[in-house]
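Work through the exercises below with the sequence and the 3D view open. Try each task before you read its solution.

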Amino acid sequence: MTKAPNARSQGRWTPEEIAREDASVRARAERDRRKTPQERLEETLRLSRFMSELTQGMPGDVRAR
C-alpha cells in the first residue's frame, strides 16, 4: 500500500528554506485576500489572454527535446 502524498512534504529543504517558503505562502495569501473581486477578475482575464497567446504560438517556435 502506498502512502498518500503529504502536501507539506519538502524533500531535502533546509529548515530555513521551509520557513522562508511558509512565510512567502502566508504573504501571498494575505495579498490575495486584500484583492477586490474586480482585481481578481482582471487578473484572471490577463492570465487567460496570456495562455491563449501561448497556445497560438508557431509550432517551430520551440525546438522539441
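Buried means under 20% relative accessible area, exposed means over 50%, and partly exposed lies in between (1.4 Å probe, protein chains only). By that scale Glu 43 is partly exposed, because its relative accessible area is 28%.

This is a predicted model: local features need pLDDT of at least 70, side-chain atom pairs count only at pLDDT 80 or more, and totals for chains, interfaces and linings use all residues. Residues are numbered from 1 along each chain as its sequence is written, and side-chain values use heavy atoms, with hydrogens and water left out.

**Exercise 1. Describe the chain as a whole.**

Step 1. Count the secondary structure. Helices (H or I, at least four residues) and strands (E, at least two) are DSSP runs, numbered from the N terminus. The protein chain has 2 helices and 0 strands.

Step 2. Look at burial. The chain has 65 residues, and 3% of them count as buried.

Step 3. Accessible areas come from the Shrake-Rupley method with a 1.4 Å probe; for residues, only the protein chains shown count as cover. The chain exposes about 6700 Å², and carbon and sulfur atoms supply 56% of that area.

**Exercise 2. Find the salt bridges.**

Step 1. Apply the rule: a side-chain nitrogen of Lys or Arg lies within 4 Å of a carboxyl oxygen of Asp or Glu. The count is 4 salt bridges.

Step 2. Start in helix α1 (residues 15-34). Glu 30 and Arg 34 both lie there, 4 residues apart, about one turn of the helix. Their side chains meet in a salt bridge at 3.7 Å, N to O. Glu 30 is partly exposed at 33%, while Arg 34 is exposed at 56%. A network of salt bridges links Glu 30, Arg 33 and Arg 34.

Step 3. Turn to Lys 35. Its side chain meets Asp 32 at 3.5 Å, N to O. Lys 35 also bridges to Glu 43, with the closest N and O atoms 2.6 Å apart.

**Exercise 3. Locate a nonpolar surface patch.**

Step 1. Pick the residues. Phe 50, Met 51 and Leu 54 form the patch, with about 320 Å² of accessible area together.

Step 2. Check the rule. Patch residues have over 30% relative accessible area and no salt bridge; like charges are joined within 9 Å, nonpolar side chains (Val, Leu, Ile, Met, Phe, Trp, Tyr) within 5 Å. Phe 50 has 45% relative accessibility, so it counts as partly exposed.
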